[in-house]
Amino acid sequence: MERAIFAGGCFWCMVQPFEEQEGILSVRSGYTGGYVENPTYEEVCSHTTGHTEAVEIIFDENQVSYEELVELYWAQTDPTDAFGQFEDRGDNYRPVIFYTTDEQKAIAEKSKANLAASGRFEAPIVTSIEPAQTFYLAEDYHQEFYKKNPERYAQSSRLRHRFLEEHWQ
C-alpha cells in the first residue's frame with residue numbers, strides 16, 4: 001500500500017474520481033499543510049490555520065501507479081489558479097500535490113513540467129508541490145459527501161465539471 005495526498009479545492013469534489021479508480025483502497029477527506037493541530041472545518045474555513053482541504057488516498061501500487069494518480073489529479077483541477085478552485089476561493093482551497101517520498105516528488109515535478117510544456121493552458125501551472133505534513137481527518141459528515149448528499153454535491157461541483165469538460169475532454 002502507498003499513500004497520496006492531493007489538495008484541489010473543496011475535498012467533496014476530489015473524492016469520487018479517485019474512489020472510482022481501480023486499485024484505490026480508501027479516500028478520506030481532511031486538512032493538511034497548516035500549523036494548527038487537529039483543526040476543525042470552521043477553523044480551516046476561517047483562514048487562520050494555514051491548512052488546505054485535501055484528500056488522502058491509500059492505494060495498491062500493484063494496481064495503480066502514483067504517476068497515474070497524479071495525472072488523474074490534474075484532470076480534476078485548474079492548475080493555473082493558485083487562489084482556490086472554481087467557486088471555492090482562499091488559501092484553504094489552494095491546489096497542492098503533497099509528496100510523501102522523494103520518488104513521489106520527482107514524479108509530481110516531472111508531470112507538472114510536462115503539463116506546462118503541453119500548451120494545454122496559456123497561463124502558468126501554479127499548483128505547488130510540497131512535502132506531506134500531518135493529515136487531519138475531516139469530520140464524519142464530510143466523508144463520502146457525494147454519496148451522502150448527491151444533490152448538494154452536484155450543485156457545488158457544477159463549475160468544476162464544466163471546466164473539466166472544456167479543458168480535459
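**Cysteines and sheet of a predicted model**

Q: Is Cys 10 buried or exposed?
A: In this predicted model, Cys 10 has a relative accessible area of 8%. Buried means under 20%. Cys 10 is therefore buried.

Q: How many disulfides does the structure hold?
A: A disulfide needs two cysteine sulfur atoms within 2.5 Å. The cysteine sulfur closest to that of Cys 10 is in Cys 13, at 4.9 Å, which is too far for a bond. For Cys 45 the closest cysteine sulfur is in Cys 10, at 8.9 Å, again too far for a bond. The number of disulfides in the structure is zero.

Q: Which strands are the edge strands of the open sheet?
A: Six strands form the sheet, with mixed pairing, in the order 7-6-1-3-2-8. An edge strand here pairs on one side only. The edge strands are strand 7 (128-131) and strand 8 (136-137).

Q: What is the bridge partner of Ala 4 in strand 3?
A: Strand 1 covers residues 2-7 and strand 3 covers residues 52-59. The two pair in the antiparallel sense over five bridges. In strand 3, Ala 4 has as its bridge partner Ile 57.

Q: At what angle does helix 1 run to strand 2?
A: Helix 1 (residues 11-19) lies across strand 1, strand 2 (24-32) and strand 3. Its angle to strand 2 is about 165°.

How values were computed: Residues are numbered from 1 along each chain as its sequence is written. This is a predicted model: local features need pLDDT of at least 70, side-chain atom pairs count only at pLDDT 80 or more; totals for chains, interfaces and linings use all residues. Side-chain values use heavy atoms; hydrogens and water are left out. Buried means under 20% relative accessible area, exposed over 50%, partly exposed in between (1.4 Å probe, protein chains only). Two strands pair if DSSP finds at least two bridges between them. Helices (H or I, at least four residues) and strands (E, at least two) are DSSP runs, numbered from the N terminus. Contact means heavy atoms within 4.5 Å. Axes are lines fitted to C-alpha atoms, for helices over the stretch in contact, and angles run from 0 to 180 degrees between N-to-C directions.
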